Amino acid sequence: MMNNKAYRIFAVLLAAIILAVGIALFTTGSFERQSDITADDPNEDDEPEADDEGAPPTAGPSPDPPEPEPPAGGESDTGPPGEDSEENPGENPEPPADDAVYVRAKVDQLQVRKGPGTEHRSLGSLDEGDMVTLLAAEGNWYRTKYRNQIAYISADRRYTERYEIEKNRSESVERVIRYGYDLLGSPYVYGATRYHDGSGKKLSGFDPAKYDCSSFVQYIFYRGASVLLPMTTRTQIARGRFVPRSAIARGDLLFFTNEQRYDYTGIERVGHVALYLGSNYILHTASDHAVIEQISAKRWSYYIEARRIL
């Protein structure tokens, strides 16, 4: 049998072993719990990256950045390759219901493409300040309408930016404007065949891809609001009601003279019509193609009056 002295030694050793094991288990559990908390901490990797929104490259924006390979047919591309975009526009929120949202070009000769990539053919181009409507963001590209088809424009912040204009409260006005969006990029053709004769009778020879300024507004007002406008600027200016320049609003028709008619008198001075969008922007076609662009100081010098149709 174990004597008393040996028993006491055994008991002390056993207690020491049990204590050591307990301390080890406690320490390990605490470390594991602390590791779990750290791994789940949502702030651990939330340090924001630098935001250079709106900041142009050091040497200024270039309309001709390099691309991985040229488009088919040897066509040169003056728009930026979306692969180099510095943001993901797909994270942009949906446009506010009260605002019309556009994509505005920050450089000249920015390409509008058939698909979301520089390998797709160009449908046309925008000059600095020109805009297209924003339908959605897809990766590094914005989806829009151009020449009555779905088209794409780069979302690289060096070359484009979002721009918003408050909508008109009239849904009829907005429907008219939406029909105009579809025609952006359509070539200007002086004396283009009208959609109808002014009383609603459709005219043979109408080409839905070709417009001059008066046939353009006649078409979109008929399709968007069933409004019958006459066939020329000098007869259209008699429709609707007069609006002073200080009160013009989105959807009004603005009438201008031009260099050829500047010295004419009376109704013969009228040489151009455009639809006002707000924020000094108009939707119209003149000399090249249908476009959303700012009213220049020179065009304002040709201003005659505004008419409200709706």
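Which residue in β14 does F255 stand opposite?

Modeller: F255 stands opposite E305 in β14. Before we go on, this is a predicted model, where local features need pLDDT of at least 70 and side-chain atom pairs count only at pLDDT 80 or more, while totals for chains, interfaces and linings use all residues. Residues are numbered from 1 along each chain as its sequence is written, and side-chain values use heavy atoms, leaving out hydrogens and water.

Now for the strand itself. F255 sits in β10, which covers residues 253–256 (a strand here is a DSSP run of E with at least two residues, a helix a run of H or I with at least four, both numbered from the N terminus). Buried means under 20% relative accessible area, exposed means over 50%, and partly exposed is in between, using a 1.4 Å probe and protein chains only.

What about the neighbours? β10 pairs with β14 (residues 303–308) in the antiparallel sense over four bridges, and it also pairs with β11 (residues 272–278), again antiparallel and over four bridges. Two strands pair if DSSP finds at least two bridges between them. On the β11 side, L253 stands opposite L275.

Let's move on to charged partners. The whole structure has 14 salt bridges, each a side-chain nitrogen of Lys or Arg within 4 Å of a carboxyl oxygen of Asp or Glu. One of them joins the side chains of R104 and E161, at 2.9 Å from N to O. R104 belongs to β1 (residues 99–105) and E161 to β8 (residues 160–166), so this pair ties together parts that are 57 residues apart in sequence. R104 counts as buried because its relative accessibility is 17%, whereas E161, at 28%, counts as partly exposed.

R143 and E138 form another salt bridge, with N and O 2.6 Å apart. R143 is partly exposed, with a relative accessible area of 25%, and E138 is partly exposed too, at 29%. R299 also has a partner: its salt bridge with E293 has its closest N and O atoms 4.0 Å apart.
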